[in-house]
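Visitor: Could you walk me through how to read the features of a model like this? I would like the general idea each time, and then the case at hand.

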Amino acid sequence: VNSADLFGFGLRLQGKRRVRPFFDIGIAVGRDTFYRSGGGILTAHSTAGAVFGAGVMFPLGKRLYLRPQFHVYPMSSMHIAASGALGLGWRF
């Protein structure tokens, strides 16, 4: 694979407690480019699928919070992607 792009759109369901777990569900589209073996020809492939995620928001004070999260993207054509992140945020 020479390059890959992924775009997702979804809905987040989040609790209202001090420590807030959340779940994400949505749709995703992706595109990758790769060189075919033997020919050296650059080829592009598009795919569509779903987004499933989960995480939790931990307050670190009145407005500051920490949010670890994980997402998985099962796509058509037997592709799957995953991502993990740790966010630091500020509520207005």
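Guide: Let us start with accessibility: Leu-60 counts as partly exposed because its relative accessibility is 48%, and partly exposed lies between under 20% for buried and over 50% for exposed. Leu-60 sits in the loop between β3 and β4. Please keep in mind that this is a predicted model.

Visitor: How far apart are the C-alpha atoms of Leu-60 and Leu-86?

Guide: Their C-alpha atoms are separated by 14 Å, while along the chain the two residues are 26 apart. Leu-66 belongs to strand β4, which covers residues 64-74. With a relative accessible area of 27%, Leu-66 is partly exposed.

Visitor: Now to the salt bridges. How many are counted here?

Guide: The idea is a side-chain nitrogen of Lys or Arg within 4 Å of a carboxyl oxygen of Asp or Glu. By that rule the count is 1 salt bridge. Arg-12 and Asp-24 form a salt bridge, and their closest N and O atoms are 2.8 Å apart. The pair links distant parts of the chain, since Arg-12 is in strand β1 and Asp-24 in strand β2, 12 residues apart.

Visitor: Is Asp-24 buried or exposed?

Guide: Asp-24 has a relative accessible area of 11%, so this residue is buried. Arg-12, at 32%, is partly exposed.

Visitor: What about the nonpolar surface patch: which residues make it?

Guide: For a patch of this kind, look for nonpolar side chains within 5 Å of one another, on residues with over 30% relative accessible area. Here Leu-11, Leu-13, Phe-23, Ile-25 and Phe-52 make a nonpolar surface patch of about 510 Å².

Visitor: Why does Phe-23 count as exposed?

Guide: Phe-23 counts as exposed because its relative accessibility is 53%, and the cut-off for exposed is over 50%. You will find Phe-23 in strand β2.

Visitor: Let us turn to the largest pocket. How much space lies in it?

Guide: The largest pocket holds about 200 Å³ of space. There are 13 residues lining this pocket, and those closest to its centre are Ala-4, Asp-5, Asp-32, His-79 and Ala-81.

Visitor: Which elements each supply at least two residues of that lining?

Guide: Those are β1, β2, β3 (42-59) and β5 (80-90). By residue type, the lining of the largest pocket comprises 6 nonpolar, 4 polar and 3 charged residues.

Note on methods
Residues are numbered from 1 along each chain as its sequence is written. This is a predicted model: local features need pLDDT of at least 70, side-chain atom pairs count only at pLDDT 80 or more; totals for chains, interfaces and linings use all residues. Side-chain values use heavy atoms; hydrogens and water are left out. Patches are made of residues with over 30% relative accessible area and no salt bridge: like charges are joined within 9 Å, nonpolar side chains (Val, Leu, Ile, Met, Phe, Trp, Tyr) within 5 Å. Accessible areas come from the Shrake-Rupley method with a 1.4 Å probe; for residues, only the protein chains shown count as cover. Helices (H or I, at least four residues) and strands (E, at least two) are DSSP runs, numbered from the N terminus. Buried means under 20% relative accessible area, exposed over 50%, partly exposed in between (1.4 Å probe, protein chains only). On a 1 Å grid over the protein atoms alone, a cavity is a set of points where a 1.4 Å probe fits but cannot get out, and a pocket is an open set with protein on both sides within 12 Å along at least five of seven lines; lining residues have an atom within 4 Å of a point. Grid points are joined across faces, edges and corners, and a volume is the space filled by probe spheres set on the points. Ala, Val, Leu, Ile, Met, Phe, Trp, Tyr, Cys and Pro count as nonpolar, Asp, Glu, Lys and Arg as charged, and the others, Gly among them, as polar.
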